[in-house]
Amino acid sequence: MAEPPHIVAPSLASLGLSHERPLVLVDVDEVLGLFMQGFGDFLAGRGLEMRIDRFALFQNIYRPGATEHLDIAEGKKLFDAFFAGHCHEIEPAPGGIEALNRLAGSAEILILSNAPAEAERLRTQWLRKHGLSHPLILNSGPKGPIAAGLIAQTPQKTAFVDDLLPNLDSVQDHSPPTATFQHVADLRLRPLAPRSDRHPRIDDWAELADAIEAAIRD
Ligand SMILES: [Mg+2]
């Protein structure tokens, strides 16, 4: 995938983040929040089905009884509508909020989510509703460039958590010293999600928090 040129990351100071503690970048969908479940509920409310029989998104949306998935362009419209009006309705991933609260005792936390810009208000509202006061950055495309721009501002250790290998690979390619971890929150996706030797895969949040703490410890 072509990467967007000239990504300028906001300054950590402008985000309210200190460069005196380690920095942990955390994804939302399928890491802190149960996106597939929430999007599936949204689709069900519109008479559609989310069938989770492969690790995909738009190819998993069907009309009841259909054998061919919904047109991809239609799926994308539904996806945009979900983020514009309903992304604050998803359930938190089990253990995720407790784990972030624990990590926040020793690290700066930044939420780095790939979502349409229209999602910013509701996604922020969702974080605050669940007691997470950390800053949010919405990104599109691979996360390596923006993550590298943020990470370059701190001399401290850094970590990154995502469910998707392209994002994990991108961050590791752009910021090799950053500890990368894969977490897949949805129980149905876990057996389907591709994994990689490049990134430890830890689906239990308490265990993941332990691994992150060990990685960012001096
Ligand atoms: Mg995600």
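Start by colouring the two domains: the C-alpha centres of domain 1 and domain 2 lie 24 Å apart. For your selections, domain 1 is 13-34 + 90-216 and domain 2 is 35-89, with bounds that come from an automatic or database domain assignment.

Before going on, note that this is a predicted model, where local features need pLDDT of at least 70, side-chain atom pairs count only at pLDDT 80 or more, and totals for chains, interfaces and linings use all residues. Residues are numbered from 1 along each chain as its sequence is written.

**Stop 1: where the domains meet**

How many residues of domain 1 are in contact with domain 2? There are 20, and they meet 13 residues of domain 2; two residues are in contact if their C-beta atoms, placed from the backbone, lie within 7 Å. On the domain 1 side, the touching residues divide into 11 nonpolar, 2 polar and 7 charged. Here Ala, Val, Leu, Ile, Met, Phe, Trp, Tyr, Cys and Pro count as nonpolar, Asp, Glu, Lys and Arg as charged, and the others, Gly among them, as polar.

**Stop 2: the whole chain**

Switch to a cartoon view and you can find 7 helices and 7 strands. These are DSSP runs, numbered from the N terminus: helices (H or I) have at least four residues and strands (E) at least two. Follow them from the N terminus and the order is β-α-β-β-α-α-β-α-β-α-β-α-β-α. The C-alpha trace spans about 55 × 35 × 30 Å along its principal axes.

**Stop 3: helix H1**

Select residues 35-44. This is helix H1, and 7 of its 10 residues are buried. A residue is buried if 20 or more other C-beta atoms lie within 10 Å of its own, exposed if 12 or fewer, and partly exposed in between, with C-beta atoms placed from the backbone. Show Phe-35, Met-36, Gln-37, Phe-39, Gly-40, Phe-42 and Leu-43 to see the buried ones. Their cover includes strand E2 (49-50), strand E3 (61-62) and helix H2 (72-85).

**Stop 4: His-69**

Now move to the loop between E3 and H2, where you will find His-69. Is His-69 buried or partly exposed? It counts as partly exposed because it has 17 C-beta neighbours inside 10 Å. Leaving out residues up to four places away in sequence, His-69 touches Gln-59, Asn-60, Ile-61 and Tyr-62.

**Stop 5**

Select 144-151 for helix H5, which is largely enclosed by the rest of the structure because 6 of its 8 residues are buried. Those six are Gly-144, Pro-145, Ile-146, Ala-147, Leu-150 and Ile-151. Among the elements covering them are strand E1 (23-26), strand E4 (108-114) and helix H6 (165-174).

Stay with H6 and pick Val-171, which lies in this helix. Val-171 is buried, since 29 other C-beta atoms are within 10 Å. Beyond four places in sequence, its contacts include Gly-144 and Ala-147, both among the buried residues of H5.

**Last stop: the nonpolar core**

Which residues have the most contacts inside the largest nonpolar core? They are Val-24, Leu-25, Val-26, Ala-147, Ala-159 and Ile-212, in a core of 53 residues. This core draws at least three residues from each of domain 1 and domain 2. A nonpolar core is a set of buried Ala, Val, Leu, Ile, Met, Phe, Trp, Tyr and Cys residues joined through C-beta atoms within 7 Å. Finish on Ala-159: its contacts beyond four places in sequence include Val-24, Phe-181 and Ile-212.
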